[in-house]
Amino acid sequence: MTSATAAGTSPGPAAPKSRRSVTGTRRTVAALFLLPALVLLGALVVYPIGYSLVRSFYDQSGDSFAGFDNYQALFTDDGIRTALKNNVIWVVFAPTVATALGLIFAVLTERIRWGTAFKLVVFMPMAISMLAAGIIFRLVYDQDPDKGVANAVWVGVHDTFAESSAFPKAHPGRDSPLEPAGGGAFVTKRPVEAGTPVVVPLVGVAPDRMPEGAKQAAAAEPEDGKVTGTAWQDFTRGKGVGKLGGVDAAELGYAGMRIEAVKDGEVVASAKAADDGTFTLPAAADGALLRLPADNFKEPYNGLNWLGPSLVTPAIIGSYVWMWAGFAMVLIAAGLAGMPRELLEAARVDGANEWQVFRRVTVPLLAPVLAVVAVTLMINVLKVFDLVFIIAPGSSQDDANVLALELYRKGFASDQPGVASAIAVFLLLLVIPVMWFNVRRLRREVRR
């Protein structure tokens, strides 16, 4: 009994030592597995951050300590201040619009049969690289409506409500009875008389640019008590062909040309030329000067200059939203799928309409997901570079500048590594609070 007891109690003190050895072995194995990742993390993240921090306190050559001079440049350099202002615009609008669109898409597609297909289409831009998206939208925003989709749509809508001029290049030729009237208009040199046909010859419109309804020009017939005339393209191809100031067989009338009779600076009558260029004015035009208004010669509407100084930043933000609205929609749809349906039904039973259910139940329940999406996009837009670099043309790149692009320009184009390092550190300081907020919220969600 005594020996058995002794035998039974003898292993007791050795057990804790065995547990410690097993735990130590496990930690060693875990450390060995983590070592490659830690080495890569140190080489690709920790070392560059530390080097950038140190380099930001040295001058451009890297030999002399510059103190905070490079950081002072962040608030005195015009390019960096423009970049900082644009980054604020990006942080405020891009995540907000992308998150709002993602919320709308997620809620609206929840009840339709083809919602999955729609989500696939909206999410598809995420599969495209920023470089490819930048090239796509550089073409979309092209100023020429024949190339740029944005201006093709814009010009189509504009021309539906406002007619464009068919004669932007038209002007009087040699020995013309017309003279400039200022503002792009033309006026006859002498007053016109009723019963005497007036000739209004113009040149400058290419044959393929004439209006579709234009017909062979015809000489106007005199009418008692009325002013008649012809406005036409006074040009016939071929050397020595056609009569200057006279209507020839191969010449076309300026269909739709507007003519005004002006006396003492006031318009007393007006008319539009027929397809053959002829027009007729009432007796009130007798003794007046005939004026061709500037509207006849204005350049056709070519849409907006999307990549000009004033619109380039909103245009690039639009391309970013196109790419990332799908990301927001997928995350919000996942949160929507896990929402307790009984709360929505209870609200409807209590008499709430769909808007009230959305505003007072759906959005509050989705608030954690919306916050994660918005904060993630904020971190992303603080580092945006590709889209701005690709889409903004050289003439507008200063106006579209952001901190990441300015970092590249200072470090590689202007050879100012000290200032570039200061921008990098400043960007890191901007990102850290947002990342901390996101991590804290995620941990809070895990505890729940």
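**View A. Two annotated spans, residues 29-49 and 419-439.** Residues 29-49 are 100% helix and 0% strand, with end C-alpha atoms 29 Å apart. For residues 419-439, the end C-alpha atoms lie 30 Å apart, and the span is again 100% helix and 0% strand. Helices are DSSP runs of H or I with at least four residues, strands are E runs of at least two, and both are numbered from the N terminus. The unreviewed UniProt entry lists both spans under "transmembrane region", along with 88-108, 120-141, 320-340 and 361-382; such annotations may be inferred rather than shown by experiment, and positions follow the numbering used here. This is a predicted model, in which local features need pLDDT of at least 70 and side-chain atom pairs pLDDT 80 or more, while totals for chains, interfaces and linings use all residues. Residues are numbered from 1 along each chain as its sequence is written, and side-chain values use heavy atoms, without hydrogens and water.

**View B. Packing of helix H4 (residues 78-108) against helix H8 (residues 312-337).** The two helices pack at about 45°, with their axes 6 Å apart (axes are lines fitted to C-alpha atoms over the stretch in contact; angles run from 0 to 180 degrees between N-to-C directions). H4 and H8 are therefore oblique to each other (under 35 degrees is roughly parallel, over 145 roughly antiparallel, 65 to 115 roughly perpendicular, the rest oblique). Their crossing is right-handed, with the near helix turned clockwise from the far one by less than a right angle. The contact of H4 with H8 has 20 nonpolar, 4 polar and no charged residues.

**View C. Packing of helix H6 (residues 130-140) against H8.** H6 and H8 pack at an angle of about 130°, and their axes are 10 Å apart. This pair is therefore oblique, and the crossing of H6 and H8 is right-handed.

Definitions and conventions:
Ala, Val, Leu, Ile, Met, Phe, Trp, Tyr, Cys and Pro count as nonpolar, Asp, Glu, Lys and Arg as charged, and the others, Gly among them, as polar.
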